[in-house]
Number of protein chains: 2
Amino acid sequence: MTKTTGGATEGRRETKRRQTRERIEEAAMSLFLERGFDNTTIEEIAERAEVSKRSFFDYFPSKEEVVFAWQDGFADHMMAAIASRPADEPAVKAVQHGLVSAIVSAADERTMALGELIRRTPTLKARDQLKYAKLEAKLTEALKARGRSDEERLRMRLLAAVVIGALRAGGEIWNEQPPGTSLETFAHRFFGDFWKVLAEFGNEGQGG
Amino acid sequence: MTKTTGGATEGRRETKRRQTRERIEEAAMSLFLERGFDNTTIEEIAERAEVSKRSFFDYFPSKEEVVFAWQDGFADHMMAAIASRPADEPAVKAVQHGLVSAIVSAADERTMALGELIRRTPTLKARDQLKYAKLEAKLTEALKARGRSDEERLRMRLLAAVVIGALRAGGEIWNEQPPGTSLETFAHRFFGDFWKVLAEFGNEGQGG
DNA sequence: GATAATCTTGCACTCGGTGCAAATATTTCC
DNA sequence: GGAAATATTTGCACCGAGTGCAAGATTATC
């Protein structure tokens, strides 16, 4: 594997490694969901995944990171969705579509159960908030590509901050929604309200 | 101390306890600033504060919490400042004044050094983000008191989310500002820009 | 000063996480 | 196929954060 012998082939090693990683993730998740995050030890995870405790740390840097491993996918999806929007579309709309697209594609059983777990576990709440910060950084990056002047890029930074704020608040409100509500419908309605309210805030702030 | 013998007197016990707490905080902070958060052990803190390692945990639930202990004061100041604004003032303005007031009163040497420490220490970043979430919750609470209808209260929630987003972004931008800039001036100018940009985002979002 | 309540301490223990070196598996090259 | 190079897994010893508990020191109450 010095540089160039095979190329894109996935040897037995890579395969095994990927499988092991998946086994650990699966084991950890099921245990967390069964008996809670704090009541699960790494040794128990390792045992169920049939690896040693020491090997766990070859795959994940900490117990918490297993919970948030999926998160990168969300950010990548969002960035790709934004990049795929026409360059002359207003940033505000592009980011809305990007977010909704990422949300809808990420929303499944597992993710919801995970959210519930995080909400129940104080230890995980802090790390969960960091997730938003990381997302905001990525979003800023994606949006800055659309800005031409320095002033534009400052605007994009604020847009990212505001939109991530909306995402967080929207997530909370979504959790209070009656079951059976369509996530996509909710997301669209929410953004509609959001822009409207934003305009009002902006005007009130400038006036007075 | 069953219920009612003395009343508001501060006995020797309370005094000593407060002093000890301050000694621990002081010891921890100076050590963190000297050699970093991760390179400081609780035993070292305890030693410098002249208490046992076990006693440390009678005063702070964890090493991290020492760093964020001051944070409650900020939130309280902000809430008080908002509550003191006239009830007929637009919420947007009230929250701006409340925040600026809290920021200005909290900004000293120590706080800045602390911010630097947090930025340098990955361990602390997650917990730092939680700070914003807590602040947002408090802000929502303070603002909801101003809302009459359910719709109004929803608006207040979004306002809190957006404003905390601004606070976070503003903090970052402040850190990139040339030294010597007046914090108060910066804060006012920032909010001015912010409301303007917010109105633009709102209109773009509704249009299109 | 006796007694009750509270605070502090030491000790033993659990768990998360790391460094290291030996054992094991995989790939590569002949 | 087999030896050598390389990567992976494991066991072990260790550190530091944090907790429970019971004994000892302090402070408050009468």
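**A tour of the surface near DNA strand C and the two protein chains**

Select helix 1 of chain B to begin: with 4 residues, this helix gives the most to the surface near DNA strand C. The coordinates shown are those of a predicted model.

Next, display DNA strand C together with the 24 residues around it. The residues that come nearest are Gly11(A), Arg12(A) and Ser62(A) from chain A, with Ser52(B) and Ser55(B) from chain B. Then highlight the elements that give two or more residues to this surface: in chain A they are helix 1 (12-35) and helix 3 (53-59), and in chain B likewise helix 1 (12-35) and helix 3 (53-59). Colouring the surface near DNA strand C by residue class gives 10 charged, 8 polar and 6 nonpolar residues.

Now turn to the pair of protein chains. Chain B is superposed on chain A by a rotation of 180° with 0.0 Å of shift along its axis, at an RMSD of 0.1 Å. This is therefore the relation of a two-fold axis. To locate the axis from chain B, select Ala199(B), whose C-alpha is the nearest to the axis in that chain, 2.1 Å from it. Both copies use the same surface, since 100% of the contact residues of chain B recur in chain A.

Finally, colour chain A by pLDDT. The average for chain A is 92, and 95% of the residues score at least 70. Select residues 1-8 of chain A, where the pLDDT is below 50. Beyond near neighbours in sequence, this stretch has 0 contacts in the model.

How values were computed:
Residues are numbered from 1 along each chain as its sequence is written. Chains are lettered from A and ligands numbered from 1 in the order in which they are written. This is a predicted model: local features need pLDDT of at least 70, side-chain atom pairs count only at pLDDT 80 or more; totals for chains, interfaces and linings use all residues. A residue is near a molecule or strand if its C-beta atom, placed from the backbone, lies within 6 Å of it. Ala, Val, Leu, Ile, Met, Phe, Trp, Tyr, Cys and Pro count as nonpolar, Asp, Glu, Lys and Arg as charged, and the others, Gly among them, as polar. Copies are superposed by least squares on the C-alpha atoms of residues with pLDDT of at least 70 in both. Two residues are in contact if their C-beta atoms, placed from the backbone, lie within 7 Å. pLDDT is the predictor's confidence in each residue, from 0 to 100.
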